[in-house]
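Please look over the sequence and the model below before reading on.

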Amino acid sequence: MKRKVMSYLMGVCLVGSMLAGTVTVQAEAEGGGVFAATPEQLELKPEELIGEAGEFEGMKIGFSQRNIAGSEWWEQLVRLAKDEAEYLGIELTVYDAGNDLTKQLADIETLVNLKPDAMIINPFHSTGVLPAVSKVHEADIPLTVVNCALDAEGAPFTFVSCDVENSGYQSGFALAKAYDEKYGWKDSVKALVLSAAAQEEESDLRRWGQLAGYNDYMLEKYGKSNLNIVSYQYYNWQPEPAMQVTLDTLQANPDLDIIFCACDGGCQGVVAALESVDKVGDILMTSIDARSSVLKWIKDGDKGVVATVANDPRMMGKWAVYLAAKQATGVTTPSTFYVPNTCYTAGNVDDVYDPDSSY
């Protein structure tokens, strides 16, 4: 428990220090130096672009995206990556692997052969893409990894993401708190754990964080945990599989109490499932992403969604392009760059909910 609490506090402190502008030195002129985001850059809204217009005119960057179709999240990541590239004067070539490891390996090699100034990869599999990543390094092309983690054997690279284990922790802690406030102590709270993808570090970290957060709340208040995981399922980050596995779980466990969703796409599938069996609002759930549709459910309080944690793809898309461009000019970028990950509940959802948001 202490390790998870410390992880949580370190994550909060990291984001807080970044927002306070206390991270190392700012970027020096092109051709060298060390990059750290300014407070002004970190405070930019998701649709606001970074840097100066035409700052990297003529630069070429290759982007291997694990998948686009069927995921609003990935669509937004790629959209802002393209917008940022256009704004900076960069020619961005995007290949979509369609959730196929073999295709992503081929895509990366093809992009390497195009001899870009920098590369961005959103890996389908943390270790599976390593053979192609080695080709990137052999070609001496600076590498940025976005969203989904790459195994450390693929270093050096800059990883642009959220602190997803900390995001999971906040998500799980908020679910435990909401359940406790509504029902008080129960000896057994039956849970469905929806983990996004098998043997994927991004998915694993979210799950570990969510379960740790839930258990920590209960341990701190009651000295024991009541979590009873009756089903553990994957849904490949998409709503339709999440809906189906939720329906399957409910058939075997009609008295389900709570659901952990690894992302808002999964949460959307869960809500659809619950609506189809007239159980919406009866089961509490938590999530990660902070999409406007899920924020509205929290605001309205009628779907059973009690929390979601910011994991904005637009932030990651634009920062991945900007940092890749900085690398291409010889600037040293951090090994890990986290965008902020605020937890939203009924208490603060009005601070961020925008009905006109594109995400």
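## Burial and overall form

Of the 359 residues in the chain of this predicted model, 54% are buried. The chain has eleven helices and twelve strands, and its radius of gyration of 20 Å is close to the 21 Å that the globule rule gives for 359 residues, so the chain is as compact as a globular protein of that length. Along the principal axes, the C-alpha atoms fill a box of roughly 60 × 40 × 40 Å.

Among contacts with a separation of 6 or more, 75% are accounted for by residues 24 or more positions apart.

## Surface and charge

The accessible surface of the chain comes to about 14,500 Å², and carbon and sulfur atoms hold 51% of that area. There are 27 positive and 51 negative side chains, and the centres of these two sets lie 6 Å apart.

## Backbone details

Most residues other than glycine have a negative phi, and most peptide bonds are trans.

The peptide bond from A155 to P156 is cis, with omega near 10°, and P156 lies in the loop between strand 4 (143-146) and strand 5 (158-161).

D140 has a positive phi, near 60°, and sits in the loop between helix 5 (130-138) and strand 4. Because its relative accessible area is 68%, which is over 50%, D140 counts as exposed.

D289 also has a positive phi, of about 145°, but belongs to strand 9 (residues 284-289). Its relative accessibility is 2%, under the 20% limit, and therefore D289 counts as buried.

Conventions
Residues are numbered from 1 along each chain as its sequence is written. This is a predicted model: local features need pLDDT of at least 70, side-chain atom pairs count only at pLDDT 80 or more; totals for chains, interfaces and linings use all residues. Side-chain values use heavy atoms; hydrogens and water are left out. Helices (H or I, at least four residues) and strands (E, at least two) are DSSP runs, numbered from the N terminus. Buried means under 20% relative accessible area, exposed over 50%, partly exposed in between (1.4 Å probe, protein chains only). The radius of gyration is taken over C-alpha atoms; the globule rule is 2.2 Å times the number of residues to the power 0.38. Contact means heavy atoms within 4.5 Å. Accessible areas come from the Shrake-Rupley method with a 1.4 Å probe; for residues, only the protein chains shown count as cover. Lys and Arg count as positive and Asp and Glu as negative; His and the chain ends are not counted. The place of a charge is taken as NZ of Lys, CZ of Arg, CG of Asp or CD of Glu.
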